[in-house]
2 protein chains.
Amino acid sequence: MQLEFFSHLRCRECGRLYPKEAIHVCEWDFGPLEAVYDYEAIRRHISRDRIESRPPTMWRYREFLPLEGEPSVGTQVGFTPLVRADRLAKALGVREVYVKNDTVNYPTLSFKDRVVAVSLSRAREMGFPVVACASTGNLANSVAANAASVGLESYVLIPADLEASKVLGSLVYGSRVIGIRGPYDKVNRLCSEIAGKYRWAFVNVNLRPYYAEGSKTMGFEIVEQLGWRLPAHTVIPMASGSLLTKIAKSYREMIDTELVEKRPFAIHGAQASGCNPITDAFRKDTELVRPVSKPQTIAKSLAIGTPADGYYAIQTIRKSGGAAEDASDPEIVEGIRLLAETTGIFAETAGGVTVACARKLIDSGKIPKDESLVLCITGHGLKTAEVLSGVLDSPRVIDPSLREFDRLVSSDINRAPLPTRSEG
Amino acid sequence: MQLEFFSHLRCRECGRLYPKEAIHVCEWDFGPLEAVYDYEAIRRHISRDRIESRPPTMWRYREFLPLEGEPSVGTQVGFTPLVRADRLAKALGVREVYVKNDTVNYPTLSFKDRVVAVSLSRAREMGFPVVACASTGNLANSVAANAASVGLESYVLIPADLEASKVLGSLVYGSRVIGIRGPYDKVNRLCSEIAGKYRWAFVNVNLRPYYAEGSKTMGFEIVEQLGWRLPAHTVIPMASGSLLTKIAKSYREMIDTELVEKRPFAIHGAQASGCNPITDAFRKDTELVRPVSKPQTIAKSLAIGTPADGYYAIQTIRKSGGAAEDASDPEIVEGIRLLAETTGIFAETAGGVTVACARKLIDSGKIPKDESLVLCITGHGLKTAEVLSGVLDSPRVIDPSLREFDRLVSSDINRAPLPTRSEG
């Protein structure tokens, strides 16, 4: 069976072709390199039945991923639930909402397991002895865990002020965790320098063309799980902007290979107000993304002041008829609570951003109330639990006595019924 | 299509039949009630192909679950990865290890989502307006989340001294969380009293016969994911002992309905040394489980001093040719680290217990080195993260400078290579 439909890397700007190596920018114009596939061959090779007959992982879309052989890392990642969320739809005042739930992605509870599965598999194909990344937390967790699972040595570089759970969630795997003083952009710049000097696979630097393609699987799964249908609206959190551009790419690839019928799909972007370079440029109707030098937001996983794919994200949003929004810290917390109370899904701050921005897009009419939308929820709430401390009521504590319990319940009955953020 | 193969409840002791109501003990001898199925009808109805054609959730084993209609809560729970763990096998000195990874179970990262999916679906069939539970944490998270997902009001009762993440992971869903002063057994007793007075569905009290059956799905999945083969050895953590008895039951049911070929399977139980009533009775060669009145262990999710199914767990272990072990707090932490460093799976304390006990069972020859085993890992490590504080090295912190990085890496190179707990 033909496995490899992936032939080259190509510059997004000038179209020059490059061999499948550990490079990520064009030598001529510094444009980003992207994987090139033979879509006509994929179209002939693939079908819905074929995909559905495969194991429930992201690798059922193997043909669209830039590996030469079979994946060897993260072979069970993906195919997370798409959850129909009627109570959330009601709260948001919109016809239909689905939640793509990567809070339960395997193994490290975020969508980053997708990009890491591809990039570490590719790193092994290329024979790299050490893998590494610059990360706002989730990527670090995933590189550390997936490297451990196959015995690869790993270094993860993170801003020194990251959430405790995200630091712990890298250390526990035995990865070498290095905190860098300063914001993420300084971490990223340092990693570019290191990648230039050491022969290491930096998944989101020199392996970025391979890495980024992994995000497409979130989009493929959404379409399949909707019954092979494109969603009218998709709301996606933006850090570098890469996830958003790749989900849009996945939709286009499914159209091009005739896996799904063509119809309009609007792609909406969500950022935190304290680090909103892409949303800001969208609002100002420019493609010039102005860096945010000092991000100030509880959504640390989205706090990238110089988003590598910001320009492409804006283009994708505009061309698709979507919009960009941002959310303040209190709105983010409110978004986390609304999602949890109506769907039972506990998201990290980035998920709060997505929910809060979706609400604003609906309220402002950018997502019509009689349409259907998908929210991309990318990481688990236990990773950023500290943002809820002091926000939720503490448990009431009683002695193990029925009388004390009766008293507590009767005082409850005088309270309002189950409060829902949105309705309360 | 016939959906319901479940006809009655039956006393495990005297065999008396009862109707399918919210009752859990026999009126005559106080024996526990269990669901009764028509296995002959299931055998005729079901096949491997039929199961494999269904969505990848626990509900692909619908015929073996005690509902009257279709499930309405937790419809996407289960079918978590079974991971072949060669590096862990090497570290443990045994031929082959598989990890059944319920740390990524949907939605609340533990196997409890299985039992809650069944019991809340049953509670809705029976028309209960309020659902509740007595919990050591994971069950509380799951009842709170799954109740929220369908708008059911919920009360969860927990020991007042539970881990912060487990408390937060119930509060966030808007559940009413009540801390009870004292150990779990006091919480449980109070819940029995409350269930006698209020018309509420206490999933693990008056709905226990329905609830407990959900655990079988972990066993069904293991067998299917092994390629329709029974594992020679399964190591299972024990709190009440229910999970262990139900996994054994699932294996027997698959034999009885001809889904899998009969072969010997040993069932091994794992407890924390600080609360080991079942292991202690096993060692003393008695079936008399002596209560532990003051559990002292970091594995709080297993800290049940009076295990409801302890007697049956011992019988199951003995009859199957298995054994019971226990692990100290330092061994538990070591088990968490070994699992994380060799498989990329971050387990809560109960998982550390399972790994540590497996190691002891292998070292003592109770699991032969040339055989194959499955470890049941039941909950995610972020839920009990505090046990690692002060255990793991802190990240090294540097300025964003290549020179500082070079210095750090060269000092690293003088260190030993990637340390692995087991090999180090």
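1. Let's start with C191(B). This cysteine is buried, because its relative accessible area is 0%, and buried means under 20%. Keep in mind as you read on that the model is predicted. C191(B) takes part in no disulfide: the nearest cysteine sulfur belongs to C133(B) and is 7.2 Å away, whereas a disulfide needs two cysteine sulfur atoms within 2.5 Å.

2. How many disulfides does the structure hold over all chains? The count is zero.

3. Now look at the helix around C191(B). Helix α7 of chain B runs over residues 184-197, and its 14 residues should span 20 Å at 1.5 Å a residue. The C-alpha atoms at its ends are 20 Å apart, so the model agrees with that expectation. The buried residues in α7(B) include Y184(B), D185(B), V187(B) and L190(B). C191(B), I194(B) and A195(B) are buried there as well. When you compare positions on a helix, one rule is handy: an α-helix has 3.6 residues a turn, so residues three or four places apart point the same way.

4. UniProt, in an unreviewed entry, lists K112(A) for "modified residue: N6-(pyridoxal phosphate)lysine". In the model, K112(A) is found in helix α4 of chain A, residues 112-125. Is K112(A) buried or exposed? K112(A) counts as buried, because its relative accessibility is 17% and the limit is under 20%. Leaving aside neighbours within four places in sequence, K112(A) is in contact with N138(A), L139(A), S142(A) and Y211(A).

5. Staying with records for chain A, an unreviewed UniProt entry carries the annotation "domain: Tryptophan synthase beta chain-like PALP", covering residues 76-379. In the model, that span is 44% helix and 16% strand. The end C-alpha atoms of residues 76-379 lie 17 Å apart.

6. Back in chain B, S121(B) lies in helix α4, residues 112-125. S121(B) is buried, because its relative accessible area is 1%. Which residues does S121(B) touch, not counting those up to four places away in sequence? They are W59(B), L67(B), P71(B), S72(B), V73(B) and V116(B). G179(B), by comparison, is 58 residues from S121(B) in sequence and 26 Å away in space, C-alpha to C-alpha.

7. G352(B) sits in helix α14 of chain B, residues 349-363, and counts as buried because its relative accessibility is 0%. Setting aside neighbours within four places in sequence, G352(B) is in contact with E331(B), I332(B), G335(B) and I336(B). A340(B) is twelve residues from G352(B) along the chain, and their C-alpha atoms are separated by 9.9 Å.

8. Searching the whole structure turns up two cavities of 30 Å³ or more. The largest cavity has a volume of about 60 Å³. Which residues line the largest cavity? From chain A come F346(A), H380(A) and L382(A). Chain B supplies T108(B), L109(B), N141(B), S165(B), G169(B), Y173(B) and K383(B).

Terms used. Residues are numbered from 1 along each chain as its sequence is written. Chains are lettered from A and ligands numbered from 1 in the order in which they are written. This is a predicted model: local features need pLDDT of at least 70, side-chain atom pairs count only at pLDDT 80 or more; totals for chains, interfaces and linings use all residues. Side-chain values use heavy atoms; hydrogens and water are left out. Helices (H or I, at least four residues) and strands (E, at least two) are DSSP runs, numbered from the N terminus. The expected span of a helix is 1.5 Å times one less than its number of residues. Buried means under 20% relative accessible area, exposed over 50%, partly exposed in between (1.4 Å probe, protein chains only). UniProt positions are given in the numbering used here, feature names are shortened, and annotations may be inferred rather than shown by experiment. Contact means heavy atoms within 4.5 Å. On a 1 Å grid over the protein atoms alone, a cavity is a set of points where a 1.4 Å probe fits but cannot get out, and a pocket is an open set with protein on both sides within 12 Å along at least five of seven lines; lining residues have an atom within 4 Å of a point. Grid points are joined across faces, edges and corners, and a volume is the space filled by probe spheres set on the points.
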